[in-house]
Amino acid sequence: MTLRMTPPGSQTYTEILRSTILMGGASLVNVALSIVRNKAMAVLLGPEGIGLMGLYSSIVDIAASIAGLGVGGSGVRQVAEAAGTGDAARIAQSATVLRRISVVLALLGALLLAAMAYPVSHFTFGDFQHVGGIVLLSLAVFFRLVSAGQSALIQGLRGIADLARINVIAGLFATAVSIPLIYLFGVQAIAPSLVVIAAASILPTWWYSRRIFPHPSPMPTRQFSREVSALLRLGFVFMASGLLTFGAAYAIRIIVLKEGGVMAAGLYQAAWGLGGLYAGFILQAMGTDFYPRLTATIDNNAECNRLVNEQAEISMLLAGPGLLGTLTLAPLMMSLFYSAEFHGAVELLRWICLGMMLRIISWPMGFIVVAKRTQAIFFWTEVAAAVVHVGLAWLFVSLLGTRGAGMAFFGLYVWHSILIYVIVRKLTGFRWSAANRRHALLFLPASGLVFLMFSILPLWPATVIGFVAVVLCGLYSLRMLIDLLPPESVPAAIRGWITKSA
């Protein structure tokens, strides 16, 4: 498998759309599976059970972030750089180091969480009743880190189709096993179900990564040590970023738990899951394919800025209508994915959607900071983001209740979007393209308008206005996407219909 240089113009947009559709298609399958899984969990566990699941998930996230030492992120870059040289021996060596260190870190991470089960249980829940569940979660940490190392290899070589297949296989297995566990054993099966979900990707990632390099590459001990050292130096920054992100998420769940109880934590978990559902497949595709492409051209500022603008344009056009639809149909989605017991999370979900709109716009710029290896800047922006997010959550939740957590997320991305633009402007001279400024001036006010309508109007008039906004913005996005693609890639009937509609 080799990396291709990114062609300019409409072919680049085609490539971005292709990777987004591949990962997005897999995500859509997983969305359908999530509907089944979340619905079953909501009915069987209720808000309190969902809240407990969210807290357990945060514990796994933090433990995996610490133990993983950022090797998943640094591994993608190291493999992508090796692939850029076209040297098969160097690629094989990078793959071998990545695989071996991932297994070692996975074992250490599992042992660390098991050893810390008592203090973690007391800090999170104020008692020792969850020690057994936390010890079991150490297996989830092991499975996640082994899988992350194998996925990093596939991603570094831009095996987007393979990653899409892995996501689908893992989602099917996780759904097929976790629901019967919860049905049979109830709350006691929450920790085992998270272990199953983490384990679901082990076999497919192993299978596809072994297809790339079936045998380890022999290398002297000194060279292996050098490769590991380079991997961990860059990985430390990724680890710090992940730890800050997951630590902030954990802290906010604790704030919500202390203020409103396990029920409030369940509502927050439900809103957070739905708010990131649609945007998630775009962000996942961005991290999966865009990051390796950007890394290959990061020394050319003009090319780098062009790629970021193109990625941001495709992301906005794809995400805008979907997030508007989530804003409009929030009560229906809450009932569809969960149950009527979760309707208290509707306003929280809408605030999260506003934040997700800004997140979609700012994320492509953030990859410049990562790809440039400006570790200090990257680290301190992540520190600042975590402090702002947790600080706003503490303030707003204490004053306004659970919905304050959603407001904090929106406030974070108002601040972060401005900060990251200033930083990348200094790093590469980045400017938003005229097209992106135009798209942002459509989607951001439209989102604010729909949100405001639900705040001041009865449900049905606000819903009608939301539907109109979704349709108009959807047609706009469709036309813009078609205009970006080569004429031969779009059927004449579709192009003609869009032209007449406009």
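Predicted model: local features only at pLDDT ≥ 70, side-chain atom pairs only at ≥ 80, totals over all residues.
Biologist: Why are helices α10 and α11 called roughly perpendicular to each other?

Modeller: Helix α10 (residues 301-328) and helix α11 (residues 330-337) pack at an angle of about 85°. Angles of 65 to 115 degrees count as roughly perpendicular, and α10 and α11 are therefore given that description. Their axes lie 5 Å apart.

Biologist: Which residues of α10 and α11 meet?

Modeller: From α10 come T326, L327 and T328, and from α11 come A330, P331 and M333. By class, this contact of α10 with α11 has 4 nonpolar, 2 polar and no charged residues.

Biologist: What makes the pair D61 and R144 a salt bridge?

Modeller: The cut-off is a side-chain nitrogen of Lys or Arg within 4 Å of a carboxyl oxygen of Asp or Glu. For D61 and R144 the N to O distance is 2.5 Å, so the pair qualifies under that cut-off. D61 is in helix α1 and R144 in helix α5 (residues 131-156), so the pair links distant parts of the chain, 83 residues apart.

Biologist: How many salt bridges does the structure hold?

Modeller: There are 5 salt bridges in the structure.

Biologist: What makes up the nonpolar surface patch?

Modeller: V43, L44, Y183, L184 and F185 form the patch, which covers about 580 Å². Helices α1 (10-68) and α6 (160-185) each supply at least two of its residues.

Biologist: Which helix gives the most to the nonpolar patch?

Modeller: That is α6, with 3 residues. F185 lies in this helix, α6.

Methods:
Residues numbered from 1 in each chain as written. Heavy atoms only, no water. Axes fitted to C-alpha atoms, helices over the stretch in contact; angles between N-to-C directions. Helix = DSSP H or I, 4+ residues; strand = E, 2+ residues; numbered from the N terminus. Parallel < 35°, antiparallel > 145°, perpendicular 65-115°, else oblique. Contact = heavy atoms within 4.5 Å. Nonpolar A, V, L, I, M, F, W, Y, C, P; charged D, E, K, R; others polar. Patch = residues over 30% accessible without salt bridge, like charges linked within 9 Å, V, L, I, M, F, W, Y side chains within 5 Å. Areas by Shrake-Rupley, 256 points an atom, 1.4 Å probe, with all protein chains shown as cover.
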